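Visitor: Can you walk me through this one? I'd like to start with the charged contacts.

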Amino acid sequence: MSQTPYIFDVTTTSFEQLVLENSFHKPVLVDFWAEWCAPCKALMPMLAKIAEEYQGELLLAKVNCDIEQEVVARFGIRSLPTVVLFKDGQPVDGFAGAQPESAIRAMLEPHVQAPETPQGNLLESAQALFAEGRFAEAEAQLQQLLSEDNENGAGLILYARCLAERAELAEAETVLNAVKGDEHKQALAGARAQLTFLRQANDLPEVATLKSRLAQNGGDDEAAYQLAIQQLARQQYEAALDGLLKLFVRNRNYADGQPHKTLLQVFELLGNDHPLVTLYRRKLYQAIY
């Protein structure tokens, strides 16, 4: 594991300076580990990740218990891994054995000051989390962002989409209504389209029912369109676009041209740079002309 200024090895001779003296300035998390200890090796990357996120507000010291027997004896370490948090020269908290990341963060929270995150980084972080499907974590980042800037258009739109993911459709619409100006016009239209698909899907037959109908009658236009809406509500965009395009080719006048209108809504939702939009916009053009 690569070392950083926040993460370092500690020996018996350096413990006093690197742990005890440092802990008067910043909390020091001491990881007692050994080469033969599999849980230790699983825990160490997690501790390193947490220490890096604190950006110097937390230091991580690693003690190899096979070598540094004096330190082990001094603190009565009996099982591995053992992790101890030092502040002002004294151990103030800790745990023995493997722990989930959430429990470690909860232990640290009362003792370590969280680093300030610039607003731009909060938005970028939330966007990345949302793209990974980690909607609750993205929502938490956006709540922090919007508490500082409640007119951040991009933040409001993404926050609304997080709300939509947990079926808070009315609240999501209220948030979208708070977006001002035309700077985020396309993203706003896409978010509204997603709300529309989710609302429509609530009133439609189940996916299994629709697929059964299509298996019995491949020309069932109503089932084909409703299945595409259900797929859009579940973010199965490629399947939905494929179904809508086939329906458009087969019956472009279905429901007053609804397949074409819905295709354009999906293009807005995904954005012009999305590879599916590039592909299906070209296919739609070929189908029309």
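Visitor: How far apart are Arg 105 and Glu 101 in helix α4, in helical turns?
Guide: About one turn, because they sit four residues apart in α4, which spans residues 101–108. Bear in mind that this is a predicted model.

Visitor: What kind of contact do Arg 105 and Glu 101 form?
Guide: A salt bridge. The closest N and O atoms are 2.7 Å apart.

Visitor: Where does Arg 213 go for a salt bridge?
Guide: To Asp 220. The closest N and O atoms there are 3.1 Å apart. Arg 213 is partly exposed, with a relative accessible area of 24%. Asp 220 comes out at 16%, and the cut-off for buried is under 20%, so Asp 220 is buried.

Visitor: How many salt bridges does a search of the whole structure find?
Guide: 18. One of them joins Asp 9 and Lys 62. Its closest N and O atoms are 3.9 Å apart.

Visitor: Where in the chain are Asp 9 and Lys 62?
Guide: In distant parts. Asp 9 is in strand β1 and Lys 62 is in strand β3, 53 residues apart.

Visitor: How do Asp 9 and Lys 62 score on accessibility?
Guide: Asp 9 has 44% relative accessibility, so it counts as partly exposed. Lys 62 has 7%, so it counts as buried.

Visitor: What stands opposite Asp 9 in β3?
Guide: Lys 62 again. The pair shows up in the strand pairing and as a salt bridge.

Visitor: Strands, then. How many bridges join β1 to β3?
Guide: Three. β1 covers residues 7–9, and the two strands run parallel.

Visitor: And how many join β2 to β3?
Guide: Six. β2 covers residues 28–33 and runs parallel to β3. Trp 33 has Asn 64 as its bridge partner in β3.

Visitor: Which way does the chain get from β2 to β3?
Guide: Through helix α2, residues 38–53. This β-α-β crossover is right-handed.

Visitor: Why is β3 described as largely enclosed by the rest of the structure?
Guide: Because six of its six residues, 59–64, are buried.

Visitor: Which residues sit on each side of β3?
Guide: Leu 59, Ala 61 and Val 63 are on one side. Leu 60, Lys 62 and Asn 64 are on the other. Both faces are covered.

Visitor: Zooming out. What are the domains?
Guide: Domain 1 is 7–109, domain 2 is 122–188 and domain 3 is 204–288.

Visitor: What separates the centres of domain 1 and domain 2?
Guide: 37 Å, taken over C-alpha atoms.

Visitor: Last topic, the surface. Which residues make a nonpolar patch?
Guide: Tyr 285, Ile 288 and Tyr 289 make one of about 390 Å².

Visitor: Where is Tyr 289 placed?
Guide: In the segment after α14, a helix that runs 275–288.

Visitor: Why does Tyr 289 count as exposed?
Guide: Its relative accessibility is 71%, and the cut-off for exposed is over 50%.

Note on methods
Residues numbered from 1 in each chain as written. Predicted model: local features only at pLDDT ≥ 70, side-chain atom pairs only at ≥ 80, totals over all residues. Heavy atoms only, no water. Buried < 20%, exposed > 50% of the residue type's maximum accessible area, 1.4 Å probe, protein only. Pairing = 2+ DSSP bridges. Right-handed = clockwise from strand over helix to strand, strands pointing away. Domains from an automatic or database assignment. Patch = residues over 30% accessible without salt bridge, like charges linked within 9 Å, V, L, I, M, F, W, Y side chains within 5 Å. Areas by Shrake-Rupley, 256 points an atom, 1.4 Å probe, with all protein chains shown as cover. Salt bridge = Lys/Arg side-chain N within 4 Å of Asp/Glu carboxyl O.
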